[in-house]
Every structure is written in C-alpha cells, then in structure tokens.
Amino acid sequence: MLLGDEAYAGATSYYKLVDAVRDVYGYEELIPTHQGRGAEHILSQLLITEGDVIPGNMYFTTTRYHQEAAGGRFVDVIVDEAHDTTSTFPFKGNIDLDKLRAVVDEVGADRVPYVSFETNVNMAGGQPASMENIKEVYEYCQAQGIAVMLDATRAVENAYFIQQREEGYKHKSVAEIVAEITQYSDGATVSSKKDNLVNIGGFLAVRDPRLAERAREMLVAFEGLHTYGGMAGRDMEALAVGVREMVATDDHVRARVGQVEYLGQKLIDEGVPVIRPIGGHGVFLVAGEILDHLDQDEFPAQALAASIYVNSGVRGMERGNVSAGRDPQTGENRRPKLELVRLTIPRRVYTQSHMDVVAESVIEVYENRETIGGLEFTYEPHSLRFFQARFRAV
Ligand SMILES: *Cc1c(COP(=O)(O)O)cnc(C)c1O
C-alpha cells in the first residue's frame, strides 16, 4: 500500500492491476470500481434495456437490484438441489440447462442480454458450479448469441471445489482452473473484498474492447477517471498483489476452506442443521428448521442471527425473507425456500480457537431455540432492506 501511485491519471498501480487481472483471469479490459456493486451498476446499465430478462443461478442481492433498476427481470435458473437443504449434491451452484432453455424459448434470445453466472453461489450456501456445467452453459449461450457474464467474486473457492470434486481436475492447480472457468465467459464482475484478499475495491472485466469503451464512459461519470475508477492508488496496488497471491499456491484456499469446514463439522457433530456440503466461505445455519415454530413472516433467520449476536457478539448475516425483499409487482414478502443464517468467515483473520467460540455460542443458542421469538420491522427501507432495517421482538 505504501507503493501506491496516487497520480490522478495513468497511475502505475493501475497498470499493475491490469496485468494481474489479465494474467490470472484472462480478461483484456479492466474497469476498476469502488466495489463489486459499482461494476454491477455499470454492466447492468450498459447491457439491459426495459423488459429484458436476465437468467441467473440464484439471485445475489446487489446484482439483482441493479438488473431490476436497469429495467430487467431476474429469473432463477439454478438447479433444484440448490433449494433443497437436505441434498448433498456436490455442484449445487450449477445452472439447469432445461430451465435456461425454457426462459430463452419463452422470451426470445434477443430479450436475454446475458446470463448472470455466479461462481460459488453465495445465497445457496457457498456452493460451486462444475466446469462441465460452466462450459455447457457457455456453448449454449454462444449458439444463441447471448453473453455469459460471471460474478467471479468467489471463482477461487469454486475452482478449489472443482479440483476436489470433479473428474479430471485433481492434478490441475487452482490457478489453472480459475483461468479455465473465465475462458467460458465474456466478462465478469468481481467484489475484491472476498477472494481477492483486500478490504475494498472491485472491477468489471470484459473481452470486447467496444463494450469496455462504453463502460469507461460510465465509469468516469459514476466512479472516477478510467485509470483509477473507484479506487485509490494504494488500493489498486494492494489488489494487484491480492489477485496474484490468492492463486500463487493452493495452500491458501485449502486452509481457508478447511477452516470453514472445521466450524461446520463442529456444528454438525452437535446436531445443528447446516447446509451441506459445507460452503466455501461460510457455514449456513438452516434457520427455518431451527426455529420451525416461527412463521416465515416473523423472520426466523433474522431472529436467529440476533440471538447469536446477543449471546456472544458473533455477528452472522440473515439470508432469508429479509434479504429476498418484496416482490416489486405485488408488494408482498418474497418468502424464499431458504431461511438461512450465514456465518461468513473473513480470510486470514481468525484462528481455530475463534471458531471454537463461534461453535460454542451457536450450540448454546440452538439448545435454547424454543425461547426465541419472531421479529417485526420498526424501519423497513424501500430497497435492499437487509442492509439497514431495524426490528423489535414480537
Ligand atoms: C459481496 C458480493 C457482491 C457485491 O460486492 P460489494 O463489493 O459488496 O459491492 C456481489 N456478488 C457477490 C457474490 C458478493 O459476494
């Protein structure tokens, strides 16, 4: 960070980042943004027109927000296993080709600007897609003239699971597998706060120089000049290091996923319902089952997250009805199939002893689950309500 070049235009830190993204992800054109959502905003505004449909493998909150804000409609085409808390299918992040084809046949390929393909799907519990599936989706889309845009925020964790679980990848490095994943895409948005090992930043990366040109026109209006976008020189410098370091050896991601598995296994041993297989970035508690005495409109996942916080100060994240929001047409709560509390583990922050404390707290709350009541809003923001909502106990 001390090496960061803070020149307004043409900072050397920017060019280091361009090289790192090209070497690791294989995309030629880099548009640096302040975070992942800055990249999603630009991509959505450029490619989506009113009435378009964007198929994707389960929604992500900010991704869908920007798709809808651009006039698009998100359609979930993830495999059914992703919504099934009891399934141990190894690739719950896969896109169901039949569902995708049905959407394209219904609305026509010209109404589908791109497929939004997330690696290691966050909302499904940190679940990977297989290389076979990523390739198949890309080949189908190419034949239809539809772009594939990755949310490559967790491509490294996805690559690690491919190495561990998919036939033919045991002897490939995570770096090689990441490069192969991105090969089956036209571009990607990335939140650098995750795999990339830095505190802030993100980017849009594409192959098409004309699309990049249009993206840079938006970048200078919404983020900053094209050679820094939304980041300071020191942040780009750190990010260029992080992008290389995340795949420099396989040990880093193995240790990272291993720590998550350690926590997950402790909870499984005590009978706490969690999503299986255990995800790459966190352990997901099945709040709908743990608090099955609550109605979904009493926000069981939010109530469970609050109880764990009160118990120990461990802050988890609701991923259920609050995150899903209201249907823009009907105004009703969306009532998703999954009511989860995500215990996301930051990279390179905690020791196994910290994981022991987290497990102790969750187990204690689990044992006293009958005493936990529901919640109601005291403040409900109009959009992305999970970020700023306030509740009281019912
Ligand atoms: C965090 C995240 C985003 C949004 O990125 P920010 O950097 O928080 O704006 C988008 N997609 C996925 C999968 C994420 O995990």
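## D208 and its partner

D208 is partly exposed, because its relative accessible area is 30%. Here buried means under 20% relative accessible area, exposed means over 50%, and partly exposed lies in between (1.4 Å probe, protein chains only). D208 forms a salt bridge with R210. The closest N and O atoms of this pair are 3.5 Å apart. A salt bridge is a side-chain nitrogen of Lys or Arg within 4 Å of a carboxyl oxygen of Asp or Glu. R210 counts as exposed, because its relative accessibility is 61%.

Salt bridges can also share partners. Such bridges join R154, E157, D195, R256 and R347 into one network.

## The model behind the values

This is a predicted model, where local features need pLDDT of at least 70, side-chain atom pairs count only at pLDDT 80 or more, and totals for chains, interfaces and linings use all residues. Residues are numbered from 1 along each chain as its sequence is written, and side-chain values use heavy atoms, with hydrogens and water left out.

## Overall build

The protein has 14 helices and 12 strands. Helices (H or I, at least four residues) and strands (E, at least two) are DSSP runs, numbered from the N terminus. The C-alpha trace spans about 60 × 50 × 45 Å along its principal axes.

What is the radius of gyration of the protein? The value is 21 Å. A compact globule of 394 residues would have a radius near 21 Å, so the two agree. The radius is taken over C-alpha atoms, and the globule rule is 2.2 Å times the number of residues to the power 0.38.

## Inside and outside

Of the 394 residues, 58% count as buried. The protein exposes about 16,700 Å². Carbon and sulfur atoms supply 47% of that area. Accessible areas come from the Shrake-Rupley method with a 1.4 Å probe; for residues, only the protein chains shown count as cover.

Contacts also link separate stretches of the chain. A contact means heavy atoms within 4.5 Å. Take the contacts with a separation of 6 or more: residues 24 or more positions apart account for 68% of them.

## Charges and more salt bridges

The protein has 39 positive and 59 negative side chains. Lys and Arg count as positive, Asp and Glu as negative; His and the chain ends are not counted. The centres of the two sets lie 3 Å apart. For this, the place of a charge is NZ of Lys, CZ of Arg, CG of Asp or CD of Glu. Side chains of opposite charge can pair when their charged atoms come close. The count of salt bridges comes to 23.

One of them joins R334 and E68, at 3.3 Å from N to O. This pair links distant parts of the chain, 266 residues apart. R334 sits in the loop between α13 (321-324) and β10 (340-344), while E68 is in helix α3 (residues 61-69). R334 is partly exposed, because its relative accessible area is 28%. E68 also counts as partly exposed, at 30%.

R22 and E28 meet in another salt bridge, at 3.1 Å from N to O. R22 has a relative accessible area of 30%, so it is partly exposed. E28 is partly exposed too, at 45%.

## Two residues in the β4 to α5 loop

Is N122 buried or exposed? N122 is buried, because its relative accessible area is 1%. It lies in the loop between β4 (114-118) and α5 (131-144). Leaving aside neighbours within four places in sequence, N122 is in contact with F60, R154, H281, F284 and R342.

N120 is in the loop between β4 and α5 as well. N120 is buried, with a relative accessible area of 0%. It has a positive phi of about 45 degrees although it is not a glycine.

## Other loop details

L384 also has a positive phi, near 45 degrees, and is a residue other than glycine. It lies in the loop between β11 (375-379) and β12 (390-393). L384 is partly exposed, because its relative accessible area is 26%.

P277 is found in the loop between α10 (251-269) and β8 (282-286). The peptide bond from R276 to P277 is cis, with omega near -10 degrees.

R348 is in the loop between β10 and α14 (352-367). At 54% relative accessibility, R348 counts as exposed. Not counting residues up to four places away in sequence, R348 touches L197, E245 and H252. The C-alpha atoms of R348 and R256 are separated by 7.6 Å, and these residues are 92 apart along the chain.
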